[in-house]
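Subject: Structure handover

Hi,

Here is the structure I promised to pass on. Please open it and keep it beside you while you read my notes.

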Amino acid sequence: MDPKVENGAMQGDEVPTWGKSLPVPSVQEMVRKDHQFLSERYIQEHKDRAVATNLSPTTSEIPIINFSLLINGDKDERRKLDTACKEWGFFQITNHGVPEKVLKKMKAAVAAFYELPLEEKSKYAMAADDIQGYGQVYVVSEHQKLDWCDIMVLMTLPPEYKKMKYWPVAISEAVQEYTTETLKLAEEIFANISLLMGMDKDALKRLHGKIMKQAIRMNYYPTCSRPDLVLGVSPHSDTSTITLLLQDDDITGLQIRHREGWVPVKPIPNAIVANIGDVIEGWSNGVYKSIEHRAVTNVTAARMSVATFVIPDDDVELGPVETMVDDYNRPVMYKSIKYGDYLRYTFSKKMDGKANTELLKAGNESI
């Protein structure tokens, strides 16, 4: 057996890295030492701050999909999914079938990891040429503004892509159980979106190529003495096919851009938030668009969340599928780009709203 492989997981350089990020200090540790801590690198430009005037003037909330109805073929619920994907790009999923004990175990694992001393967490720090591990991503300059959060990123599928040196033993079982369940959920969503896109129910799954990959990002947002000046995560769209987010039950931190304003996504206990990624935007020829979103912080309580990203094989093309193209009514709006090239390009930049998807548009030759 290859000595670099353990339990089906690679330990060395065989696993693609897709990008790198400059090391930055742990915000959690700086706040632990001084709860009033706030340096200039975290203070956003005025136009980017999470001030109340940026909130949507409407009281709209993102759509809620009853998953048990959806998987049983309820046509009304599938129409709701279609509307959610077209008009919002985000929806909350209830009755999704992921056991409550799995959700609680995952949340407890994240909390336990971030309660560890810095010395212990640092054993899992990202390598200089990697985006897996404990640290931060999309930091490409010593001068850019930083997000008010710490993260832990792990590849969970395929098994041979798991770099076990980044996996704390104490959380590995919870992560594996949770990501196994969320993959089932993602595949059911793909089946329904496939039908909505005029294809057979297995089409989106096949489009991922030989390897449907999955990664998990565990986020920790410390309290902040001036949350009006910082962002937990800068505005961006996801480079995934779909993202599934497990929120904190009690604290609202996620906001999505909708009709020129920001809409807070209020947590529903035990629900999972889903959002369309850049991949589906390309495949759907822009009918379903990935949506800009951000995270904000607060003064009184730290917040945690868990984002699971499902992504295709590196060689998969992101161009529109045939069923989403009509020469007269819906011409080709996106070009074909290999996903691996797109992903590496995005990791070479800081997060900047929807800038990356503009590069997917037909006629743009930047990639």
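Start with the largest nonpolar core, which has 83 residues. The members that touch the most other members are Phe 91, Met 106, Tyr 178, Ile 189, Ile 193, Met 197 and Met 218. Helix α6 gives the most to this core, with 10 residues. There is also a second, separate core of 12 residues. Val 31, Cys 224, Leu 229 and Val 230 are among its members. Keep in mind that the model is predicted.

Now pick out Met 218. What is Met 218 in contact with, leaving aside neighbours within four places in sequence? The list includes Met 106, Val 110 and Tyr 114. It also includes Asp 150, Ile 151, Met 152 and Leu 154. Ile 171, Val 175, Ser 305 and Val 306 are in contact with Met 218 as well.

Next, helix α6 itself. It has 28 residues. From its first C-alpha to its last, α6 reaches 41 Å. That is close to the 40 Å expected at 1.5 Å a residue. Gly 198 follows α6, and its phi is positive, near 80°.

A cis peptide bond joins Leu 157 to Pro 158. Omega there is about -5°.

Strands next. Go to β12, residues 272-276. How many of the residues of strand β12 are buried? The count is 5 of the 5, so β12 is largely enclosed by the rest of the structure. Ile 272, Ala 274 and Ile 276 point one way from β12. Val 273 and Asn 275 point the other way. All of these residues are buried.

β12 has pairing partners. With β4 it pairs in the antiparallel sense, over 4 bridges. In that pairing, Ile 93 stands opposite Ile 272 of β12. Strand β9 (residues 242-246) is also joined to β12 by 4 bridges, and these two run antiparallel. Leu 245 has Val 273 of β12 as its bridge partner. Leu 244 has Ala 274 of β12.

β9 is mostly covered too, with 5 of its 5 residues buried. On one side are Ile 242, Leu 244 and Leu 246. On the other are Thr 243 and Leu 245. Both faces of β9 are covered. β9 also pairs with β14, antiparallel, over 5 bridges. Find Thr 243 there: it stands opposite Phe 309 in β14.

β14 comes up again at helix α9, residues 339-347. Which residues of α9 are buried? They are Tyr 339, Gly 340, Tyr 342, Leu 343, Thr 346 and Phe 347. Why are they on the same side of α9? They are on the same side because they cover an arc of only 160° around the axis. What covers these buried residues includes α8 (278-283), β14 (303-311) and α10 (355-358).

Trp 18 has a phi near 70°, a positive value in a residue other than glycine. You will find Trp 18 in the loop between β2 (9-10) and α1 (27-33). Is Trp 18 buried or exposed? Trp 18 is buried, because its relative accessible area is 6% and the cut-off for buried is under 20%. The other is Asn 95, with a positive phi near 50°. Asn 95 is in the loop between β4 (90-94) and α4 (100-115).

Last, look at Glu 29 in helix α1. Glu 29 is buried, with a relative accessible area of 11%. A polar contact of 2.8 Å joins its side chain to that of Arg 32. Not counting residues up to four places away in sequence, Glu 29 touches Leu 118 and Lys 121.

Then move to β12, which pairs with β4 and is joined to β9.

Best wishes

Note on methods
Residues are numbered from 1 along each chain as its sequence is written. Side-chain values use heavy atoms; hydrogens and water are left out. Buried means under 20% relative accessible area, exposed over 50%, partly exposed in between (1.4 Å probe, protein chains only). The arc is that of the directions from the helix axis to the C-beta atoms. Contact means heavy atoms within 4.5 Å. Two strands pair if DSSP finds at least two bridges between them. A polar contact is a pair of N or O atoms within 3.5 Å; within protein, one must be able to donate a hydrogen and the other to accept it, and residues adjacent in sequence count only if both atoms are side-chain atoms. A nonpolar core is a set of buried Ala, Val, Leu, Ile, Met, Phe, Trp, Tyr and Cys residues joined through side-chain atoms within 4.5 Å. The expected span of a helix is 1.5 Å times one less than its number of residues.
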